[in-house]
Amino acid sequence: MLYEYLMKTYPVNEPIFSSDIKVEGISDVNVRRQLGKLVDMGLINRYDTGIYYIPTKSIFKSGSQLSPEKVLECKYLKNKGELCGYMSGLMFFNQTGLTSQIPMQFEVVSNKATTDYRETSLAKTRVVIRKPKVPITKDNYKILQFLDLMKDVDEYAEVTGAELSDRLIAYMKRIQLCFSQLEPYLQFYPDKIYKNMYKAGILHGIPA
């Protein structure tokens, strides 16, 4: 019965959080017990404590693997399909090409965070969860994500000078971000962000 529910409710390779499963006639304790049995039968895989998924068939006996980025997205970056968080820290610097370092941890900023800073783990990978300076929406998340980057650009970026300026300005153009959109949120950031933006040549959107 539970397996039929999971197959109808969840696509393959999508995280299934045991805390979200509500099936009429099955208690939470029984849900967890049945999930364990389904894992033993090879019908579903366990990603981490309380996190499961229906694998697609592959050359490996255990089937396909679930990516940590997908789990993070479902757990911290979306809420009932609505965006509520974003990737931050060294991972985002790597994604934007400002560093070649491969992060050993994930950092996310999420409306789901209940404290300013919390550390946890996800399948043995360290995860840092931060509370946003203002509530995250689909309209402001790129702004907040970029300002977080600028706050730490002096610490994480491997490029400097004209190259850094060119890459940042190119990124702003790519996501259609202008300085006027940043201004209302600058008050929530430490003063050093002005210095970082000036040195990077993007203060007021004009290369220094």
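**Ground rules**

I'm working on a predicted model, where local features need pLDDT of at least 70, side-chain atom pairs count only at pLDDT 80 or more, and totals for chains, interfaces and linings use all residues. Residues are numbered from 1 along each chain as its sequence is written, and side-chain values use heavy atoms, with hydrogens and water left out.

**Helix α8**

I began with α8, residues 192–199; helices here are DSSP runs of H or I with at least four residues, strands are E runs of at least two, and both are numbered from the N terminus. Which residues of α8 are buried? I got Ile 193, Asn 196 and Met 197, with buried meaning under 20% relative accessible area, exposed over 50% and partly exposed in between (1.4 Å probe, protein chains only). They sit on the same side of α8 because they cover an arc of only 95 degrees around the axis; that arc is taken from the directions from the helix axis to the C-beta atoms.

Next I checked what that side meets: the buried residues pack against α5 (141–156) and α7 (179–182), contact being heavy atoms within 4.5 Å. Turned away from the buried side are the exposed Lys 195, Tyr 198 and Lys 199. Lys 195 counts as exposed because its relative accessibility is 52%. After α8 comes Gly 201, and I noted its positive phi, near 80 degrees.

**Cores**

The largest nonpolar core has 32 residues; such a core is a set of buried Ala, Val, Leu, Ile, Met, Phe, Trp, Tyr and Cys residues joined through side-chain atoms within 4.5 Å. Phe 146, Met 150, Leu 168 and Leu 182 touch the most other members. At least two residues each come from α4 (89–95), α5, α6 (161–174), α7 and α8, and α5 gives the most, with 7.

**Cavity**

How many cavities of 30 Å³ or more turn up in the whole structure? I found 1. On a 1 Å grid over the protein atoms alone, a cavity is a set of points where a 1.4 Å probe fits but cannot get out, a pocket is an open set with protein on both sides within 12 Å along at least five of seven lines, and lining residues have an atom within 4 Å of a point. The largest cavity holds about 30 Å³, the volume being the space filled by probe spheres set on the points, which are joined across faces, edges and corners.

Its lining is Ser 88, Gly 89, Phe 92, Phe 93, Gln 145, Asp 148, Leu 149 and Asp 152, and α5 gives the most, with 4 residues. I looked at Ser 88 too: it is in strand β6 (residues 85–88) and counts as buried because its relative accessibility is 9%.

The largest pocket has about 480 Å³ of space. Its lining is 18 residues, with Pro 15, Phe 17, Asp 20, Cys 74 and Lys 75 nearest the centre. I noted α3 (68–77) and β4 (78–79) as the elements giving two or more residues to that lining.
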